[in-house]
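Let's take a walk through a protein model together. Have the sequence and the 3D view ready, and look back at them as you read.

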Amino acid sequence: MPRPASSAVDKALDLIETVVRADRPLRLSELANEAGMHRATAYRILLELVRRGWIMRSEDRYLPGPVVLQFSQAAAANSLVTLSRPVLQALSDRTAMMVNLQVLEPDGGRVIDVVRPPRLAMITDLLGELLPIHKFAGPMALVSALDEAARIPYLRAAEDQGHPPAGRAELLKDIDRTRRTGFALERGRNEEVIASVSRAALAGSGRPICAVTIVGLDSEFDDPTLAKLQEHLAAATTELEGTLSGAGADHD
């Protein structure tokens with residue numbers, strides 16, 4: 001049922017908040033119902049929000065747009081990095097590997113923090129770089145945690161970045177495998193001698209908050225070592241999820 005009359009700003013903010021908080025991309029009718037407004041009103045406001053980049057439309061569903069994600073990125077560069085750094089450092093110390101933290105943006109995963117041990121100084125840390133889903137484990141882990149409709153823009157972005165459209169079926173298999181196992185594994189797609197394994201840290205709703213990725217020399221990713229790395233990575237992301245949800249915080 002529609003709420004009492006409110007300003008256009010209130011209605012726009014209601015729609016943005018509804019899209020951001022949803023655990024999946026919503027259709028117009030779902031958005032209007034959740035935000036408590038008529039479909040026609042919601043549609044009119046959504047047109048402007050999509051035009052301004054606050055909300056993105058994928059077929060008949062709506063998800064957070066690039067402007068919202070830019071704000072998220074700015075927040076990530078502060079609070080998320082600060083909260084995650086002890087986990088990244090401990091994981092790097094435990095594995096003797098490089099560890100990075102990535103957040104999802106419209107075209108892939110952005111590396112926002114890196115811990116690199118001196119022994120791997122020859123590997124580029126990619127700090128600040130935007131990484132595509134078809135070449136890197138971090139974006140794969142993040143996108144695999146989305147539902148099918150929300151993945152579509154990332155598949156298109158991969159094709160825009162050079163991944164052949166004929167390879168979409170194989171890319172979808174990789175996404176499904178990652179979602180099933182919880183781990184994205186990349187070996188030699190970007191650099192032949194480099195391998196990485198990544199896992200997403202999820203919010204209570206199941207949406208990805210960030211991805212933690214272990215990076216090292218491919219020659220060191222034998223099966224027994226990979227199993228150990230996945231074990232340490234799972235423990236690290238579980239700890240990080242608890243930290244980000246406040247579960248590990250002390251209360252007075």
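This is a predicted model: local features need pLDDT of at least 70, side-chain atom pairs count only at pLDDT 80 or more; totals for chains, interfaces and linings use all residues.

Residues are numbered from 1 along each chain as its sequence is written, and side-chain values use heavy atoms, with hydrogens and water left out.

The score pLDDT is the predictor's confidence in each residue, from 0 to 100. Its mean over the protein chain is 89, with 91% of residues at 70 or more. Helix 5 (residues 137-144) has the highest confidence, at 97, and helix 4 (residues 66-95) the lowest, at a mean of 80. Over residues 247-252 the pLDDT is below 50.

## The overall build

The protein chain has 8 helices and 9 strands. These are DSSP runs numbered from the N terminus: helices are H or I with at least four residues, strands E with at least two. The radius of gyration, taken over C-alpha atoms, is 19 Å, close to the 18 Å that the globule rule (2.2 Å times the number of residues to the power 0.38) gives for 252 residues, so the chain is as compact as a globular protein of that length.

Of the 252 residues, 47% count as buried. Buried means under 20% relative accessible area, exposed over 50%, and partly exposed in between (1.4 Å probe, protein chains only).

## The core

A nonpolar core is a set of buried Ala, Val, Leu, Ile, Met, Phe, Trp, Tyr and Cys residues joined through side-chain atoms within 4.5 Å. The largest one here has 24 residues, and Leu101, Val197, Val212, Ile214 and Phe221 touch the most other members. Among the elements giving it two or more residues are helix 4, strand 4 (98-105) and strand 9 (208-217). There's also a second, separate core of 18 residues, which includes Ile16 and Met37.

## A closer look at strand 4

Why is strand 4 largely enclosed by the rest of the structure? Because 8 of its 8 residues are buried. Met98, Asn100, Gln102 and Leu104 point one way, while Val99, Leu101, Val103 and Glu105 point the other. In a regular strand the side chains alternate between the two faces of the sheet.

Two strands pair if DSSP finds at least two bridges between them. Strand 4 pairs with strand 9 in the antiparallel sense over 5 bridges, and Val99 stands opposite Ile214 there. Strand 4 also pairs with strand 5, again antiparallel, over 7 bridges, and these two form a hairpin with 2 residues between them.

Definitions and conventions: Contact means heavy atoms within 4.5 Å.
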